[in-house]
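This briefing concerns the packing of a helix and its surroundings. Please consult the sequence and the structure shown here before reading the points that follow.

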Amino acid sequence: MEPSTLVDHLYPHRTYDGVFWRVEWWVASCASCHSGMKQAVEAAGKAAIDALARRLGREPLT
C-alpha cells in the first residue's frame, strides 16, 4: 500500500462531460495505481468504471 499522492476523476473528465468539478467522482489515488490499474479500467470502458465505482461504494454515473 502507498499513500495517496493525487486526486483522480473516477470517470475521466475528457470523456464524460460535467464530472470535472463534481467531488463525488474524485478518488484519492497513488501515482502507480492511477497509471496502471486505473488506466486499464478506463481502457476497458464504462462498464468496468461502473464496476470500480460499485467496489468503492459509489453509484455508477448515469
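Contact means heavy atoms within 4.5 Å. Helices (H or I, at least four residues) and strands (E, at least two) are DSSP runs, numbered from the N terminus. This is a predicted model, in which local features need pLDDT of at least 70, side-chain atom pairs count only at pLDDT 80 or more, and totals for chains, interfaces and linings use all residues. Residues are numbered from 1 along each chain as its sequence is written, and side-chain values use heavy atoms, with hydrogens and water left out.

**Packing of helix 1 against helix 2**

- The two helices, helix 1 and helix 2, pack at an angle of about 130° with their axes 5 Å apart (axes are lines fitted to C-alpha atoms, for helices over the stretch in contact, and angles run from 0 to 180 degrees between N-to-C directions).
- That makes helix 1 oblique to helix 2, since angles under 35 degrees count as roughly parallel, over 145 as roughly antiparallel, 65 to 115 as roughly perpendicular and the rest as oblique.
- From helix 1, K38, V41, E42 and A44 meet A48, I49 and L52 of helix 2.

**The nonpolar core**

- The largest nonpolar core has eleven residues: L10, Y11, Y16, V19, W25, V27, V41, I49, L52, A53 and L61 (such a core is a set of buried Ala, Val, Leu, Ile, Met, Phe, Trp, Tyr and Cys residues joined through side-chain atoms within 4.5 Å).
- Helix 2 supplies the largest share of this core, three residues.

- D50 counts as buried at 11% relative accessibility; not counting residues up to four places away in sequence, D50 touches Y11, P60 and L61.
- D8 lies in strand 1 (residues 6-9) and is buried, with a relative accessible area of 8%.
- Leaving aside neighbours within four places in sequence, D8 is in contact with W25, W26, V27, S29, H34 and K38.

Conventions
Buried < 20%, exposed > 50% of the residue type's maximum accessible area, 1.4 Å probe, protein only.
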